[in-house]
Amino acid sequence: MNIPNEMLEDFRNHVWASFKYLGLGEPSPIQYAIANRMQNGPNDFQLQAGRGKGKSTIAAVYASWLLLKNPDTTIMVISATADKAIKFIAQVRQIIELVPYMEHLKPKEFDKDNAFGFKIGCRTKEGQDLSCYAKGISGQITGLHADRIYLDDIEISGKNETPVTKEALLKKLTETYRDWE
């Protein structure tokens, strides 16, 4: 597959192309700034921006870019609910489906491909791990493996309102992080 070098070298170019094929128009300056931070910032950081700034969309585009750069990458998305994580997976899958230079990443006939995750078609790493998969924060995540973990809107009402629930959420995240160290 002929992947334009500028798409591999600078994530902001892939954001531009993905937004174009998703019908979202030109990314805003803040969206380009978020993209730059995702590419050039530390591996573990918290992204905060106002509602409607496209944080989850850019994170899904970033996940697709990581798979484009290394098809053997494994990505787990953890959200407050499994439904929210599934929407993230669907968006990553949609990007792979729509962006022409990502065609080689589409799951093949016998690759797992459902709402909870998928395995990309050109993956060379053997194993049962999916390329990109979704989990809810209250689901079973201990023992799973991933190169990258995205925590997307895990703090929702009822999960962090009291010191006890905040501590339980923090403990769950700490256990998750330790599993991937």
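**View 1. Helix α2 against helix α3.** In this predicted model, the axes of helix α2 (residues 11-22) and helix α3 (residues 29-40) come within 9 Å and cross at roughly 135°, where axes are lines fitted to C-alpha atoms, for helices over the stretch in contact, and angles run from 0 to 180 degrees between N-to-C directions. That angle makes α2 oblique to α3, given that angles under 35 degrees count as roughly parallel, over 145 as roughly antiparallel, 65 to 115 as roughly perpendicular and the rest as oblique. The contact (heavy atoms within 4.5 Å) is made by F11, R12, V15, W16 and F19 of α2 and by Q31, Y32, A35, N36, M38 and Q39 of α3. By class, this contact of α2 with α3 has seven nonpolar, three polar and one charged residues, with Ala, Val, Leu, Ile, Met, Phe, Trp, Tyr, Cys and Pro counted as nonpolar, Asp, Glu, Lys and Arg as charged, and the others, Gly among them, as polar. Helices (H or I, at least four residues) and strands (E, at least two) are DSSP runs, numbered from the N terminus.

**View 2. Helix α2 against helix α4.** The axes of α2 and α4 come within 10 Å and cross at roughly 115°, and the two helices are therefore roughly perpendicular to each other. From α2, F11, H14, V15, S18 and F19 meet T57, I58, V61, Y62, S64, W65 and L68 of α4. The residues of this contact divide into eight nonpolar, four polar and no charged.

**View 3. Helix α4 against helix α5.** Helix α4 (residues 55-69) and helix α5 (residues 82-98) pack at an angle of about 55°, with their axes 9 Å apart, and are therefore oblique to each other. On the α4 side the contact is made by S56, T57, A59, A60, V61, A63, S64 and L67, and on the α5 side by K84, F88, Q91, V92, I95 and I96. Nine of the residues in the contact of α4 with α5 are nonpolar, four are polar and one is charged.

**View 4. Lining of the second largest pocket.** K112, N114, F116, Q128, D129, L130, Y133, A134, K135 and L144 line the second largest pocket. Strand β4 (residues 132-136) supplies the largest share of this lining, three residues. By class, the lining has five nonpolar, two polar and three charged residues.

**Notes.** Residues are numbered from 1 along each chain as its sequence is written, and side-chain values use heavy atoms, with hydrogens and water left out. Local features need pLDDT of at least 70 and side-chain atom pairs count only at pLDDT 80 or more, whereas totals for chains, interfaces and linings use all residues.

Key. On a 1 Å grid over the protein atoms alone, a cavity is a set of points where a 1.4 Å probe fits but cannot get out, and a pocket is an open set with protein on both sides within 12 Å along at least five of seven lines; lining residues have an atom within 4 Å of a point.
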